[in-house]
Amino acid sequence: MALVIMMSSLQLAIRPVGLAKRSSDASFVGFGVISGLMSGLFATGGPPLVYHFFRQPMPHERVRETLVTAFGAAQVVRLILVAASGNLPTMSPIALVLAIPAVMLMTYAARRWPPSLSQETMRKIVFVLLFLSGLSLALPAAMHLAA
């Protein structure tokens with residue numbers, strides 16, 4: 001899985017131009033399924049969605065807002081399932097109370113003073129983060145195999 005993530009990030013770096021037209025609805029569903037499987041199996045569901053959305057001919061803001069919404073919805077579902085199973089850690093309500101104002105403040109700041117990053121700069125940042133995500137999965141596995 002780590003290799004797939006790293007190869008996807010390299011493809012984003014090598015092929016900086018996005019797609020000419022929007023992908024089909026089936027491809028969005030397919031990447032959603034892959035992301036869901038990776039999230040459930042490896043807790044790394046983000047890279048497939050990030051890869052797919054950053055290749056689309058969409059405004060940068062829409063990609064960012066869509067990804068935030070998708071990840072937020074996934075976390076709400078995860079939280080509901082964990083709470084329903086009775087496995088909610090005791091510190092979770094405290095973290096929730098502390099996180100809400102922090103997220104609200106940072107969301108406001110990002111909307112009021114958005115970073116002035118070009119599409120190319122953002123693509124490079126995404127490449128680095130995806131590559132590091134894959135590397136963080138690959139290194140422990142490689143060290144375990146070497147031991």
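Tyr51 has a relative accessibility of 8% and therefore counts as buried, where buried means under 20% relative accessible area, exposed over 50%, and partly exposed in between, using a 1.4 Å probe and protein chains only. The model is a predicted one, in which local features need pLDDT of at least 70 and side-chain atom pairs count only at pLDDT 80 or more, while totals for chains, interfaces and linings use all residues. Residues are numbered from 1 along each chain as its sequence is written, and side-chain values use heavy atoms, with hydrogens and water left out.

A pair of aromatic rings is described by the distance of the centres and the angle of the planes. Rings of Phe, Tyr and Trp (its six-membered ring) are paired here if their centres lie within 6.5 Å; planes under 30 degrees apart count as stacked, over 60 as edge-to-face, and the rest as tilted. By this rule there are four aromatic pairs. In one of them, the ring centres of Phe31 and Tyr51 are 6.2 Å apart and the planes meet at 35°, so this pair is tilted. The pair links distant parts of the chain, with Phe31 in helix 2 (residues 25-42) and Tyr51 in helix 3 (residues 46-54), 20 residues apart. Helices (H or I, at least four residues) and strands (E, at least two) are DSSP runs, numbered from the N terminus.

Next comes His52, which is likewise found in helix 3. With a relative accessibility of 2%, His52 counts as buried. Leaving aside residues up to four places away in sequence, His52 touches Ser23, Ser27, Phe28 and Phe31, a contact being heavy atoms within 4.5 Å.

The expected span of a helix is 1.5 Å times one less than its number of residues. For the 26 residues of helix 4 this gives 38 Å, and the end C-alpha atoms are 38 Å apart, which agrees. The buried residues of this helix are His60, Val63 and Leu67, and their cover includes helix 3 and helix 6 (119-146). Val68, also in helix 4, is exposed, with a relative accessible area of 56%. Val68 lies 75 residues from Met143 in sequence, and their C-alpha atoms are 33 Å apart in space. After helix 4 comes Gly86, with a positive phi near 80°.

Helix 5 (residues 92-112) passes the same check: its 21 residues should span 30 Å, and its end C-alpha atoms are 30 Å apart.

The C-alpha atoms fill a box of roughly 50 × 45 × 30 Å, taken along the principal axes. Of the 147 residues, 24% count as buried. Among contacts between residues at least 6 apart in sequence, 68% join residues at least 24 apart. The average pLDDT, the predictor's confidence in each residue from 0 to 100, is 85 for the chain, and 97% of the residues score at least 70. Confidence is lowest in helix 1 (residues 2-14), at a mean of 75, and highest in helix 2, at 89.
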